[in-house]
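Trainee: I have a new model to read, and I want to know what the terms rest on. Can we take them one by one?

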Amino acid sequence: MAANIQAYLENLQQPWGQIYYDILFEQLKDIKGKRVLDLFAGCGQLGIEALSRGASHCTFVESNRQAYNTVESNIKLCKMEHSSQLVFSDAVSFLSRKNQFDIAFLDPPYNKGLILDCLSKLVGSMSNDGVIICESDNREELPQTVGDWSVSKQKKYGKSKLTYYRKDI
């Protein structure tokens with residue numbers, strides 16, 4: 001699904017390829033019926049892919065007007081308006097709202113400390129069996145724990161790294 005959507009060309013990171021998506025979503029197993037957050041949505045690839053694989057709803061958050069417009073176009077292109085909410089906001093401000101998610105994707109611009117700014121606010125919006133997936137530069141240090149959430153998996157892919165957080169049981 002993600003290969004057919006319009007990319008936000010100002011993004012400094014490489015768009016994810018289908019193999020990368022397959023690896024990511026294979027790790028998540030069954031996402032049917034899950035509520036997803038695509039924070040730093042960019043062009044909406046992660047959230048749209050989640051919806052195409054059965055997630056019930058995705059909230060896309062983007063603070064750049066051009067990227068926001070791209071996400072909006074891609075949601076319409078994929079006919080996913082009924083299961084999407086698009087919010088024009090910076091990530092930290094958005095996280096001060098009361099929401100509940102099962103899966104959260106954080107794919108901010110690299111090496112700007114944005115993941116650290118968001119994680120402590122985000123954990124309060126997650127379901128107990130939820131997962132937070134952060135994409136970062138593979139050299140960027142992320143905390144091992146945030147509140148009662150800990151790194152459950154970390155994997156490097158070229159210059160990028162995926163870090164999965166789950167709630168401690």
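Mentor: Start with contact: it means heavy atoms within 4.5 Å. Keep in mind that this is a predicted model.

Trainee: What covers the buried residues of α5?

Mentor: The cover includes β1 (35–39), α4 (91–94), β4, β5, β6 (145–146) and β8. The buried residues themselves are I115, C118, L119 and L122.

Trainee: How do you know that the buried residues of α5 line one face of the helix?

Mentor: Look down the axis of α5. Its buried residues fall within an arc of 110 degrees, so they line one face.

Trainee: What makes strand β5 mostly covered?

Mentor: Buried means under 20% relative accessible area. In β5 (residues 126–137), 10 of the 12 residues are buried.

Trainee: How do you know that β4 and β5 pair?

Mentor: Pairing takes at least two bridges. Strand β4 (residues 101–106) and β5 have 5, and they run parallel. L106 stands opposite C134 in β5. The chain gets from β4 to β5 through helix α5 (residues 114–122), in a right-handed β-α-β crossover.

Trainee: Which way do β5 and β8 run, parallel or antiparallel?

Mentor: Antiparallel, with 7 bridges joining β5 to β8 (residues 160–167). At least two are needed, so these strands pair too. S136 has K161 in β8 as its bridge partner.

Trainee: Why is the span of α3 called close to the expected one?

Mentor: Helix α3 (residues 65–77) has 13 residues and reaches 18 Å from its first C-alpha to its last. The expected span, at 1.5 Å a residue, is 18 Å.

Trainee: Which residues of α3 are buried?

Mentor: They are A67, Y68, T70, V71, N74 and I75. Seen down the axis of α3, they fall within an arc of 160 degrees, so they line one face of the helix. Their cover includes α2 (45–52), β2 (57–62) and β3 (84–88).

Trainee: Which residues does S63 contact beyond four places in sequence?

Mentor: F88, S89 and D90. The C-alpha atoms of S63 and S89 are 4.8 Å apart, though 26 residues separate them along the chain.

Notes:
Residues numbered from 1 in each chain as written. Predicted model: local features only at pLDDT ≥ 70, side-chain atom pairs only at ≥ 80, totals over all residues. Heavy atoms only, no water. Buried < 20%, exposed > 50% of the residue type's maximum accessible area, 1.4 Å probe, protein only. Helix = DSSP H or I, 4+ residues; strand = E, 2+ residues; numbered from the N terminus. Right-handed = clockwise from strand over helix to strand, strands pointing away. Arc of directions from axis to C-beta. Expected span 1.5 Å × (residues − 1).
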